[in-house]
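The sequence and the structure come first.

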Amino acid sequence: MLECTLGASDGARVARKITATALRGNLKSSLKAAKGKEVVLIENRRQPSKYLVDKIYFDELMRERESIAATLEILADQELARLMSLAKTIDADVKKGRLLTMEEVFAR
């Protein structure tokens with residue numbers, strides 16, 4: 001087993017490194033090696049390398065990715081809502097002198 005870690009927190013590692021040509025003759029053993037968080041790195045001279053990954057592990061990664069994307073979307077919406085509420089008062093704040101000029105900010 002190779003000790004090549006794929007990600008810092010997911011614990012996945014390359015269980016086997018194989019060429020595309022060798023994969024054709026060793027498909028069964030390569031499929032067995034790609035189990036859980038163990039992945040197989042398939043190298044080919046004519047194409048970028050690929051990973052052979054267990055379906056359950058891949059589905060878990062996709063669910064985690066979707067969850068992270070949803071969280072980022074919520075956080076972005078909250079920040080946008082905050083900025084929009086600030087934008088509503090900006091003209092009044094300027095007229096009342098509540099904002100500082102760039103010179104005033106950097107002079108301090």
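This is a predicted model: local features need pLDDT of at least 70, side-chain atom pairs count only at pLDDT 80 or more; totals for chains, interfaces and linings use all residues.

A hairpin of 2 residues connects β3 to β4.

**Strands around β3**

Strand β4 covers residues 47–52 and runs antiparallel to β3, with 4 bridges between them. Within this pairing, V40 has L52 in β4 as its bridge partner. β3 also pairs with β2, residues 13–19, here in the parallel sense.

| Strand pair | Sense | Bridges |
|---|---|---|
| β2 and β3 | parallel | 6 bridges |
| β3 and β4 | antiparallel | 4 bridges |

Because 5 of its 7 residues are buried, β3 is largely enclosed by the rest of the structure.

**Nonpolar cores**

Which residues make up the largest nonpolar core? There are 8 of them: I18, A20, L23, A33, A34, V40, I42 and L52. Two elements, α1 (20–25) and β3 (38–44), each give two or more residues to this core. A second, separate core has 5 residues, among them V14, V39, L41 and Y57. In soluble globular proteins, nonpolar side chains tend to be buried together.

L52 belongs to the largest core and is also the bridge partner of V40. Leaving aside residues up to four places away in sequence, L52 touches S30, L31, A34, V39, V40 and I42. V39, one of these contacts, is a member of the second core.

**Largest pocket**

The largest pocket has a volume of about 150 Å³. T19, A20, T21, R24, E43, N44, R45 and R46 form its lining. Both α1 and β3 give two or more residues to that lining, and α1 supplies the largest share, 3 residues. By class, the lining holds 4 charged, 3 polar and 1 nonpolar residues. A20 lines the pocket and is also listed in the largest nonpolar core.

**The chain as a whole**

How many helices and strands does the chain have? It has 4 helices and 4 strands, which follow one another along the sequence as β-β-α-α-β-β-α-α. The chain has 108 residues, of which 19% count as buried. Among contacts in the chain with a separation of 6 or more, 28% are between residues 24 or more positions apart.

Notes
Residues are numbered from 1 along each chain as its sequence is written. Side-chain values use heavy atoms; hydrogens and water are left out. A nonpolar core is a set of buried Ala, Val, Leu, Ile, Met, Phe, Trp, Tyr and Cys residues joined through side-chain atoms within 4.5 Å. Buried means under 20% relative accessible area, exposed over 50%, partly exposed in between (1.4 Å probe, protein chains only). Contact means heavy atoms within 4.5 Å. Two strands pair if DSSP finds at least two bridges between them. On a 1 Å grid over the protein atoms alone, a cavity is a set of points where a 1.4 Å probe fits but cannot get out, and a pocket is an open set with protein on both sides within 12 Å along at least five of seven lines; lining residues have an atom within 4 Å of a point. Grid points are joined across faces, edges and corners, and a volume is the space filled by probe spheres set on the points. Ala, Val, Leu, Ile, Met, Phe, Trp, Tyr, Cys and Pro count as nonpolar, Asp, Glu, Lys and Arg as charged, and the others, Gly among them, as polar.
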